[in-house]
Amino acid sequence: ILDEVCILAWSSEQSSVSTAANTPCTILAFQHLLVRLMSMLFREALRQIAIQEDENYEMLDPKGIDEQALHFLEHSRQGKEMPELILQWVQRLIIQNVEARVITAAPPIVSRVFQELSNGIVNLKEAERIRDIPFPFPYAQMTTVFLMIHCVMMPFIAAVLIPNPVACVVVTFATLFALCC
């Protein structure tokens with residue numbers, strides 16, 4: 001979900017870059033920095049919701065990102081607000097480039113980019129909530145027991161209700177396969 005939101009926000013921003021009043025170097029620097037920040041945002045979001053021993057996800061080379069900002073990001077990793085921090089950097093970059101006339105999109109389009117980025121953070125928080133709340137163990141056990149009872153009883157019920165032996169086998173197989181696999 002976050003990947004789709006990031007791509008949508010990035011593509012919206014890239015489509016509104018002006019070439020009229022700016023040098024190609026200014027536009028290229030903005031585009032490269034935006035792509036690197038979005039890569040960093042996606043990596044930090046994955047780190048935040050992943051449950052793995054090795055959470056060393058790759059990202060694009062951070063060339064062009066302020067060294068002090070990267071140092072701050074690496075040393076404040078104990079907090080869980082990394083995606084929010086990087087989102088603030090992305091929003092600041094967009095605002096700076098709107099003011100510099102690199103982005104010439106109408107304010108509603110720029111507002112839509114901010115909305116899509118904030119939707120991504122909301123979706124990230126929902127994914128965290130799903131990760132943090134475990135599936136209830138008694139419910140899982142009851143489901144397993146009912147599936148076992150169904151697997152044992154289904155052939156007998158099908159044999160009683162379906163007179164054709166081939167149809168009985170097909171219905172039993174299809175039902176058990178659909179529920180157990």
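## A walk along the packed helices

Start by selecting α2 and helix α4 (residues 82-99): they pack at an angle of about 165 degrees, with their axes 8 Å apart. Before going on, keep in mind that this is a predicted model, where local features need pLDDT of at least 70 and side-chain atom pairs count only at pLDDT 80 or more, while totals for chains, interfaces and linings use all residues. Residues are numbered from 1 along each chain as its sequence is written, and side-chain values use heavy atoms, with hydrogens and water left out.

Helices here are DSSP runs (H or I, at least four residues), numbered from the N terminus. Axes are lines fitted to C-alpha atoms over the stretch in contact, with angles from 0 to 180 degrees between N-to-C directions.

Back to the pair on screen: α2 and α4 are roughly antiparallel (an angle over 145 degrees). Their crossing is left-handed, meaning that the near helix is turned anticlockwise from the far one by less than a right angle; clockwise would be right-handed.

Now show side chains. On the α2 side, the contact (heavy atoms within 4.5 Å) includes Phe30, Leu33 and Leu34. Among the α4 residues they meet as a group are Ile86, Trp89 and Val90. The contact divides into 15 nonpolar, two polar and one charged residue. Nonpolar covers Ala, Val, Leu, Ile, Met, Phe, Trp, Tyr, Cys and Pro; Asp, Glu, Lys and Arg are charged, and the others, Gly among them, are polar.

Stay on α2 (residues 24-49) and click arginine 43. Is it buried or exposed? Its relative accessibility is 10%, so arginine 43 counts as buried (under 20%, with a 1.4 Å probe and protein chains only). Its side chain makes a polar contact of 3.1 Å with that of glutamate 44. A polar contact is a pair of N or O atoms within 3.5 Å, one able to donate a hydrogen and the other to accept it; residues adjacent in sequence count only if both atoms are side-chain atoms.

Select Ala69, Phe72 and Leu73 in α3, which meet Met82, Leu85, Ile86 and Trp89 in α4. This contact has seven nonpolar, no polar and no charged residues.

Last stop: helix α6 (residues 137-161) and helix α7 (residues 165-180), whose axes come within 9 Å and cross at roughly 165 degrees. The crossing is right-handed.

How values were computed. Helix = DSSP H or I, 4+ residues; strand = E, 2+ residues; numbered from the N terminus. Buried < 20%, exposed > 50% of the residue type's maximum accessible area, 1.4 Å probe, protein only. Parallel < 35°, antiparallel > 145°, perpendicular 65-115°, else oblique.
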